[in-house]
Amino acid sequence: MSTLEIRNLQVTVETETGTKEILRGVDLTVKSGETHAIMGPNGSGKSTLAYSIAGHPKYTVTGGTVTLDGEDVLAMKVDERARAGLFLAMQYPVEVPGVTVSNFLRTAKTAIDGEAPKLRTWVKDMKSAMGELRMDPAFAERNVNEGFSGGEKKRHEILQMELLRPKVAILDETDSGLDVDALRVVSEGVNRVKDNTDVGVLLITHYTRILRYIKPDFVHVFVDGKIVEEGGSELADRLEAEGYDRYVGASA
Amino acid sequence: MSLLAQKNPEATAGAHTDSAAAFVPDQSRAERKTSYAVADFPVPGGREEEWRFTPVDRLGGLFSEEGSTEGAVTVETDAPEGVELLELAMDDERVGTAYRPADRAAVTAYAGTERALLVGIPAEAELDAPVFVRVNGVAGRDNAHLVVDAGRHSKATVILEHRGTGEHTAGVEIRVGDGADLTFVTVQEWDDDALHVAQNDALIGRDGKLRHIVVTLGGELVRISTNARYSGPGGSFEGLGVYFADAGQHQEHRLFVDHEAPHCHSNVEYKGALQGETAHTVWVGDVLIRASAEGTDTYELNRNLILDDGARADSIPNLEIETGEIVGAGHASATGRFDDEQLFYLQARGIPEDIARRLVVRGFFASVVARIGVPEVSERLMAAIDTELGGTAAQETATEAAL
């Protein structure tokens with residue numbers, strides 16, 4: 001049983017016009033087995049929340065705390081956070097030329113587990129996870145994200161989530177840019193990990209579409225750097241019908 | 001783009017008013033001088049086209065015509081049976097047939113060398129192991145000349161290794177016989193204070209194939225000029241280079257592929273990483289396709305990865321084409337900084353920063369290292385790159401396990 005606790009998180013970013021406040025006091029608790037959806041309009045700070053938890057150097061935390069099972073996440077380096085059990089599926093996965101997917105996955109798995117995986121079971125696990133995500137086996141010998149289509153990049157992110165088995169996974173707009181078939185494959189992958197590992201999921205999205213495939217236990221509406229409303233999955237249905245206008249109007 | 005050179009400044013002075021006009025373009029790369037006479041090449045001041053990137057003040061001694069210091073180097077050879085290893089006088093008919101000094105350092109090297117070393121691969125011999133020539137610099141000035149003669153239809157790999165210290169000028173002359181397939185590797189793993197200026201000239205016979213590989217990791221100042229020519233149609237030159245410059249190092253690689261024979265092929269790929277504020281690398285790739293070289297297919301590429309602010313990589317590809325009847329001609333050059341987003345992505349997967357950096361740099365070199373195809377060279381090279389990146393033995397093992 002794991003708990004990710006975010007308390008009054010405040011984050012700024014340096015821009016050409018000076019320091020900009022993005023997160024203005026975020027409170028959120030994600031426990032094992034729970035699925036939380038964070039929904040909000042563009043520019044509301046959803047992705048900043050994801051990258052701040054992962055430790056991207058672009059963002060400066062100016063206040064608040066983030067803990068995972070009581071450990072201070074903000075004091076950890078990026079790789080330490082991942083080894084502690086956090087995972088971020090990125091909206092724009094980065095190309096790493098000359099590094100094959102299989103080499104990358106094995107290096108990451110070795111780092112997370114603290115020892116190299118047993119070769120035979122590892123190859124089997126990788127092949128079956130790739131098969132379930134409908135990825136060609138030749139994929140393993142391609143360079144990380146190089147020349148991948150949008151759908152391939154997202155499948156590759158979920159493949160990592162399956163193999164690295166995090167305690168809490170943050171999925172940053174994993175649904176954006178996917179057609180319905182790819183969305184279904186990716187969602188099935190997430191649900192499989194949920195069923196098999198009791199992972200806590202923080203699903204960041206702009207659209208309600210993905211929530212038809214991945215059922216959230218909690219929905220949080222994110223506007224202007226903080227959560228403005230919380231509810232169950234019925235809140236997503238309401239957003240589907242009404243959009244964000246109500247919240248955006250209120251904050252403006 | 002044409003090359004700039006200091007040429008007849010008086011003749012053009014009237015037509016232009018600015019001082020830059022004193023330098024007019026060569027009509028062609030073909031006009032660059034070659035000669036065996038030291039007097040034909042004045043001591044460079046640093047403004048000449050072929051020396052403008054080189055800190056010539058650090059090379060002073062190598063421009064003077066003088067013999068080698070007694071005991072300046074030790075040379076070991078290791079060759080499979082059947083390979084000819086001979087010391088030859090410089091006036092021997094087997095020396096200089098494919099070599100033409102093209103700058104001051106090359107001509108003083110030639111003039112200062114007493115005996116050349118010949119590595120002869122007999123015609124139709126297929127060697128099952130590489131020939132090694134290991135040069136170890138002890139102290140002082142050394143002039144050297146190596147002749148690699150690959151007989152017709154032979155197949156061989158020759159590896160020239162440089163270690164130690166001292167001041168070195170050298171010529172390397174590579175004759176690839178008709179239908180021969182030669183891989184030649186020159187490795188510069190000098191100590192931090194070594195100076196090394198070398199000219200490699202290759203003459204490739206009809207349907208001959210040369211893979212010329214340059215690996216430069218050490219030395220204070222290393223400058224390797226490689227010139228490839230073809231003596232018949234159907235020849236192929238593959239020029240591969242890997243370099244890693246640290247603070248204070250100057251590494252310069254110049255290539256000139258002279259396509260005169262028809263239906264020849266050339267492909268050049270050099271990749272370098274720079275680490276430390278004062279690291280400086282230079283890559284100049286000239287390709288000339290003469291009017292007679294119909295059916296030529298050529299491509300050259302240089303990529304540089306800058307790991308630290310303040311390091312400087314100069315990259316200058318030049319392509320000169322005198323006939324339209326070619327298969328293809330192209331070049332690419334790019335210099336980029338180490339990408340922090342790549343580092344973040346890898347670290348976000350639990351990979352510690354040092355291993356992540358190593359993965360990225362190894363990945364950068366991967367394409368060219370894969371093309372080297374000589375395990376004796378590529379394995380050592382990757383280990384050396386890991387060492388350059390500050391890896392300890394323990395980390396190396398971890399990375400190896402992960403690979």
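Author: Let us begin with a single residue, bearing in mind that this is a predicted model. B:His263 has a relative accessibility of 55%, and because exposed means over 50%, B:His263 counts as exposed.

Reader: Where in chain B does B:His263 lie?

Author: B:His263 belongs to the loop that runs between strand 15 (250-259) and strand 16 (265-274) of chain B.

Reader: Is A:Glu173 buried or exposed?

Author: A:Glu173 is buried, since its relative accessible area is 9% and the limit for buried is under 20%. A:Glu173 sits in the loop between strand 9 (168-172) and helix 6 (180-197) of chain A.

Reader: How is the interface between chain A and chain B to be described?

Author: One may start with contacts and area. In this model, 33 residues of chain A are in contact with 20 residues of chain B. The two chains bury about 2,100 Å² between them, with 67% of it on carbon and sulfur atoms.

Reader: Which side chains meet in a salt bridge?

Author: The rule finds 1 salt bridge across this interface. The side chains of A:Glu157 and B:Arg349 form it, at 2.7 Å from N to O. Across the interface there are also 10 residue pairs in polar contact. On the side of chain A that touches chain B, helix 3 gives the most, with 7 residues. The residues of that side comprise 20 nonpolar, 8 polar and 5 charged.

Conventions
Residues are numbered from 1 along each chain as its sequence is written. Chains are lettered from A and ligands numbered from 1 in the order in which they are written. This is a predicted model: local features need pLDDT of at least 70, side-chain atom pairs count only at pLDDT 80 or more; totals for chains, interfaces and linings use all residues. Side-chain values use heavy atoms; hydrogens and water are left out. Contact means heavy atoms within 4.5 Å. Buried area is the accessible area (1.4 Å probe) that two parts lose on being put together, summed over both. A salt bridge is a side-chain nitrogen of Lys or Arg within 4 Å of a carboxyl oxygen of Asp or Glu. A polar contact is a pair of N or O atoms within 3.5 Å; within protein, one must be able to donate a hydrogen and the other to accept it, and residues adjacent in sequence count only if both atoms are side-chain atoms. Helices (H or I, at least four residues) and strands (E, at least two) are DSSP runs, numbered from the N terminus. Ala, Val, Leu, Ile, Met, Phe, Trp, Tyr, Cys and Pro count as nonpolar, Asp, Glu, Lys and Arg as charged, and the others, Gly among them, as polar. Buried means under 20% relative accessible area, exposed over 50%, partly exposed in between (1.4 Å probe, protein chains only).
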